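Reader: I am new to this structure and would like to be guided through it. Could we look at it together?

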Amino acid sequence: MNLVLGLCLALSAISAILTLYRIAEGPDLLDRAVGFDVLVACFTGMVFVWGAMTGRKDVLIVIVVLALTSFISSTVISRFARTRIDETERRLTDEEQRKLDLLREQEESRYINQETRLFERLWLRQNLPSHKGGEDK
């Protein structure tokens with residue numbers, strides 16, 4: 001039984017080391033947050049295995065505290081990341097908004113003019129007689 005628990009402890013330690021690499025090399029904040037969650041899960045597993053090996057029951061409190069800490073930190077980091085994303089979408093000034101509205105109106109009028117010309121051409125094709133030298137039908 002101790003062999004299996006020792007193997008579990010070793011695999012959790014290897015996972016923790018690989019996760020530390022993930023935290024150090026993560027390209028952004030959310031990758032590091034996921035790495036931190038995995039690191040806490042590995043550490044929680046190691047504490048659980050250590051408690052099973054030694055027969056101590058008081059480590060359950062430590063496991064619960066680690067799980068709660070992981071949950072709260074994940075929640076805080078996700079809220080922090082959301083506010084950072086919202087801050088990058090800034091409001092336009094009045095002058096910028098006027099320019100944007102003017103550009104949209106110009107684009108819309110250009111589109112309407114193209115549509116009108118297309119309908120005029122179609123109407124002319126349908127309503128004017130053909131001059132190809134044939135009889136009218």
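Author: The answers below go through the helices, the core, the surface and the salt bridges.

Reader: Before that, what kind of model is this, and how are residues numbered?

Author: This is a predicted model, in which local features need pLDDT of at least 70, side-chain atom pairs count only at pLDDT 80 or more, and totals for chains, interfaces and linings use all residues. Residues are numbered from 1 along each chain as its sequence is written, and side-chain values use heavy atoms, with hydrogens and water left out.

Reader: What span should helix α1 have, and how far apart are its end C-alpha atoms?

Author: Helices are DSSP runs of H or I with at least four residues, numbered from the N terminus. Helix α1 covers residues 2-25, and its 24 residues should span 34 Å at 1.5 Å a residue. The expected span is 1.5 Å times one less than the number of residues. The end C-alpha atoms of α1 are 35 Å apart, which agrees.

Reader: Which residues of α1 are buried?

Author: Leu5, Ser12, Ala16 and Thr19 are buried in α1. Buried means under 20% relative accessible area, exposed over 50%, and partly exposed in between, with a 1.4 Å probe and protein chains only.

Reader: What do they pack against?

Author: The buried residues of α1 pack against α2, residues 29-54. Take Thr19 in α1: this residue counts as buried because its relative accessibility is 8%. Apart from neighbours within four places in sequence, Thr19 is in contact (heavy atoms within 4.5 Å) with Gly35, Val38 and Leu39.

Reader: Which residues make up the largest nonpolar core?

Author: That core has five residues in all: Val40, Val47, Val59, Ile63 and Leu66. Both α2 and α3 supply at least two residues of this core, and α3 gives the most, with three. A nonpolar core is a set of buried Ala, Val, Leu, Ile, Met, Phe, Trp, Tyr and Cys residues joined through side-chain atoms within 4.5 Å.

Reader: And what does Val40 touch, leaving aside its neighbours within four places in sequence?

Author: Val40 is in contact with Leu66 and Ser70.

Reader: Which salt bridge does Glu95 form?

Author: Glu95 pairs with Arg98, at 2.9 Å from N to O. These two residues are three residues apart in helix α4 (residues 94-127), so about one helical turn separates them.

Reader: What about Glu107?

Author: Glu107 meets Arg110 in a salt bridge, at 3.1 Å from N to O. They too are three residues apart in α4, and hence separated by about one helical turn. Glu107 is partly exposed at 47%, and Arg110 is partly exposed at 44%.

Notes:
Salt bridge = Lys/Arg side-chain N within 4 Å of Asp/Glu carboxyl O.
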